[in-house]
Amino acid sequence: MAETGASSYYLTTPIYYVNGLPHLGTAYTTIVSDALARFERMDGRDTWFLTGLDEHGQKVAQAAQAAGVTPQEWVDGIAPQFVDAWQALDISNDDFIRTTEQRHVQGVQRFFEEMRANGYIYQDTYEGFYCLPDETFFTDEQLAEFAESAAAEGRPHAAEDGAKLCPDCGRPLSFIQEDNLFFRLSAFQDRLLAYYEENPDFICPPIRRNEVVSFVKGGLKDLSVSRTAFDWGVPIPFAPGHVSYVWVDALINYITAVGYGSDDPAKQAEFARRWPCQVHFVGKDIIRFHCVIWPAMLMAAGIEPPRKVFAHGFLLTKGEKMSKSRGNATSPLELARIFSVDGYRYYFLTDVQLGADGAISLERMVQVYNADLANSWGNLCSRAFNMTSKYTGGVVPDLWEKTVTALTRERGNPLAELAEGLYERYARAMNAIDYSGALAAVMELCDRANLYVEESAPWNLAKAAAAEAGGADAADRLAFVLYNLLESIRIMALCFAPVMPASSAEVFRRLGLGEVSCVDDLEGALRWGGLPAGNRVTVGEPLFPRLKEDEL
Ligand code: ME8
């Protein structure tokens, strides 16, 4: 195996096809990945987050032809729309790779040479079925299995004209016959199974792991890895007239983006530092490419496989997979306009159980937004900031240490107590890529803080403080309560930041604090007492104004 290091935290999204624009599905994977990237940075790791575009292949060539432009013109027209959409959704990717870039093309060519030098590439004739929309080959066995299960479930496996349908997307398959290059995937069955065994967390969640293991146990066929029927792809240096099969080209992006195949020593050092990747986030539709073909390709080229592939489920609207071709996709930017970018990100990360298929609906989005963000988190911030403005002149109260100790002894400090173990609970869930769990831990503190407002009734303390008798005591109590609320808010804003970066940054500004995104010691930052007394607090507009479904 090549010398590689694991001193960095490198994570990726799939590189998306440029045949359509960003939609809720691709935005979902990108947000899921972004939340982890942001958490890892705040938790002090040297993080590198990659996304990008898959620009080659027959499908793109055909789309360009239909539009009357060259494939390069076509992809150049689509790429900025992805860049803009991810920027609008606050995606913090460190790099954006396009497979038509020279750095990638050169790396793909080198990779092919490596696989060939190691004896894993040979030439033969491919004869079989191909799904153009999915850019996927299907073996006769796979089609027979599909025909059998479709018949048992009463679903069609062939069109009315007899054309075979794709087992994955249900669209008609094409028959192709070409002289192609083949990759000896069959030689990797045992090594893959051993890798899964030795790395039980390589495929997550477990249901996907079982699926992949039983697929590989069923036997692997060699894979056609070049095409000769068109030329929109990476030319294979030792096989004139052949371009790389688009999936092989696409998978290699994960290493070319961090320097593989470069002649520049600085890039080579970057590759040694970044690879192997910690997590490839993908949808469950492309798990075989990532968990079978990709690690086998890497083994064939003498490179370590990635540490983990996390496959999430599909977003469904009314039970159907949501996709542009089915016409049931709402644009991410449209939803972000209604719910704010943070409200949108929060919903998908908290209400859709990562890994399972998730039914999404506008009604449910409104419910979650209003309950958690408008009524709970946003309302807590408004109340605490308003009361600070009214009762302590908009300044974070200052109290003698002795007074704090005495008041804590007298009444306890439920917020400080709950915040105490928060890092552990939250970071454990984030490291396990369990966003719902992590956010639930933060919402627990939020709910407790809202209750604390009611229990401690600062408005009564303010009245008592203003009255003559017992004023000093009540003023201390009021200061104590307000500090506890503001400090809890600071702590929650830190924990919410990977999921809702803009509103957390705003809360930090309103508390007179620096950039939340610059935090790189989350555990230290979450320690109780970090909010400096004397900071000026700004009230501002509601962070998450309530939404009425009938007004959307
Ligand atoms: O497959 N729900 O690109 P692609 C959730 N270029 N996620 C969804 C989704 C849905 N309804 N629809 C799409 C490709 N996705 C290749 C990848 S990687 C080396 C090459 C997400 O544009 C999900 O992550 O078809 C899925 O795996 C991906 O978009 C497919 O994107």
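Buried means under 20% relative accessible area, exposed over 50%, and partly exposed in between, using a 1.4 Å probe and protein chains only. These close-ups show a predicted model, where local features need pLDDT of at least 70, side-chain atom pairs count only at pLDDT 80 or more, and totals for chains, interfaces and linings use all residues. Residues are numbered from 1 along each chain as its sequence is written, and side-chain values use heavy atoms, with hydrogens and water left out.

**View A. Asp76 meets Arg98 in a salt bridge.** The closest N and O atoms sit 2.6 Å apart; a salt bridge here is a side-chain nitrogen of Lys or Arg within 4 Å of a carboxyl oxygen of Asp or Glu. Asp76 belongs to helix α3 (residues 71–88) and Arg98 to strand β3 (residues 95–98), so the pair links distant parts of the chain, 22 residues apart. Helices (H or I, at least four residues) and strands (E, at least two) are DSSP runs, numbered from the N terminus. Arg98 counts as buried because its relative accessibility is 19%, while Asp76, at 37%, is partly exposed.

View B. Arg208 is buried at 9% relative accessibility; Glu211, at 30%, is partly exposed.

**View C. Four strands make an open sheet, ordered β5-β4-β6-β8.** The pairing is antiparallel, and two strands pair if DSSP finds at least two bridges between them. The edges are β5 (136–138) and β8 (223–224). Phe183 stands opposite Leu223 in β8.
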